[in-house]
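Here's a quick tour for anyone meeting this structure for the first time. Take a look at it, and then we'll walk through it topic by topic.

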Amino acid sequence: MAGQEEIAVTKGSFLVASPHLRDPNFCQTVVLICEHGSGGSLGLVVNRRTEHHIMDVLPQTSGLHERAGLVYSGGPVQKDNLLILHRVGRAVPESQPIFDGVCLGGDLTALEEVSSEGEQTDLVRVYMGYAGWAPGQLQFELSGGSWIVLPADLRLVFARDPHQMWANVMRSLGLNFTLYATMPPDPHMN
């Protein structure tokens with residue numbers, strides 16, 4: 001909109017779906033931005049857990065089975081690709097830092113080794129697919145009010161109950177957003 005300041009999105013930001021975003025791929029989602037620049041943006045939907053266990057999709061990676069548990073749906077793009085988000089005690093070669101010690105990807109063998117030897121505080125999540133935006137696309141969606149930009153929160157990225165994450169964020173925003181916290185994914189079901 002004219003005269004309105006451009007909303008800053010950076011690597012390590014959350015995109016929280018506005019209550020008015022009806023796209024079924026992103027309705028009531030919280031997306032962690034992992035890459036953002038002139039070439040576009042890449043993020044992971046952090047609050048859509050699937051019923052697939054990591055053993056179903058990566059049976060050969062025994063070091064990650066206990067740490068990762070269930071696989072998440074990271075977004076609608078390349079759903080057959082797996083991405084691993086982690087915060088572990090040692091550096092993982094080739095991983096990309098996102099925020100607060102949280103990294104994306106890296107050498108799978110090294111990550112398995114770190115996970116199998118790791119600390120109780122190590123955190124690992126596996127995602128099928130990702131969310132992607134072409135250059136300018138995300139800014140267009142932001143200007144249309146589709147997303148609320150917030151700093152990422154480590155507790156939310158690795159939340160035990162991701163299904164309540166969007167509602168909890170809505171409540172934390174206060175004001176009119178609190179009303180949306182109880183909104184069903186399809187408002188026509190209300």
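Let's start at Ser18, which sits in the loop between β1 and β2. Helices (H or I, at least four residues) and strands (E, at least two) are DSSP runs, numbered from the N terminus. This is a predicted model, where local features need pLDDT of at least 70 and side-chain atom pairs count only at pLDDT 80 or more, while totals for chains, interfaces and linings use all residues. Residues are numbered from 1 along each chain as its sequence is written, and side-chain values use heavy atoms, with hydrogens and water left out.

**Around Ser18**

- Ser18 counts as buried, at 6% relative accessibility; buried means under 20% relative accessible area, exposed over 50%, and partly exposed in between (1.4 Å probe, protein chains only).
- Setting aside residues up to four places away in sequence, Ser18 touches Gly145, Ser146, Trp147, Ile148 and Trp166. Contact here means heavy atoms within 4.5 Å.

**The chain as a whole**

- Along the principal axes, the C-alpha atoms fill a box of roughly 50 × 40 × 30 Å.
- Buried residues make up 46% of the 190 residues.
- Take the contacts with a separation of 6 or more: residues 24 or more positions apart account for 64% of them.
- The protein chain exposes about 10,200 Å², with carbon and sulfur atoms supplying 52% of it. Those areas come from the Shrake-Rupley method with a 1.4 Å probe, and for residues only the protein chains shown count as cover.

**The nonpolar cores**

- In soluble globular proteins, nonpolar side chains tend to be buried together.
- A nonpolar core is a set of buried Ala, Val, Leu, Ile, Met, Phe, Trp, Tyr and Cys residues joined through side-chain atoms within 4.5 Å.
- The largest nonpolar core has 43 residues, and the members touching the most others are Leu15, Leu32, Leu85 and Trp147.
- Not counting residues up to four places away in sequence, Leu85 touches a list of residues including Leu32, Leu44, Ile98, Val102, Leu123, Tyr127, Val157 and Phe158.
- Apart from that core lies another of 14 residues, among them Leu58, Leu64, Ala68 and Val124.

**Strands side by side**

- β1 and β2 run antiparallel and are joined by three bridges; two strands pair if DSSP finds at least two bridges between them.
- Leu15 has Val31 in β2 as its bridge partner.
- β2 also runs antiparallel to strand β3 (residues 40–45), this time with six bridges.
- A hairpin through two residues joins β2 to β3, and Glu35 stands opposite Leu42 in β3.

**Salt bridges**

- How many salt bridges does the count come to? The count is four, where a salt bridge is a side-chain nitrogen of Lys or Arg within 4 Å of a carboxyl oxygen of Asp or Glu.
- Lys11 and Glu35 meet through their side chains at 3.7 Å, N to O. Lys11 lies in the segment before β1 (13–17) and Glu35 in strand β2 (residues 30–37), so this pair ties together parts that are 24 residues apart in sequence.
- Arg90 pairs up with Glu113, and their closest N and O atoms are 3.3 Å apart. This pair links distant parts of the chain, with Arg90 in the loop between β6 (77–87) and β7 (96–99) and Glu113 in helix α3 (residues 108–117), 23 residues apart.
- Arg90 is partly exposed at 42% relative accessibility, and Glu113 is partly exposed at 39%.
- Asp153 forms a salt bridge with Arg155, with the closest N and O atoms 2.9 Å apart. Asp153 counts as partly exposed at 21%, whereas Arg155 is exposed at 67%.

**Over at Gly69**

- Gly69 has its place in the loop between α2 (65–68) and β5 (70–73).
- Beyond its neighbours within four places in sequence, Gly69 is in contact with His52, His53, Ile54 and Leu64.
- Gly69 and Leu142 are 73 residues apart in sequence and 33 Å apart in space, C-alpha to C-alpha.
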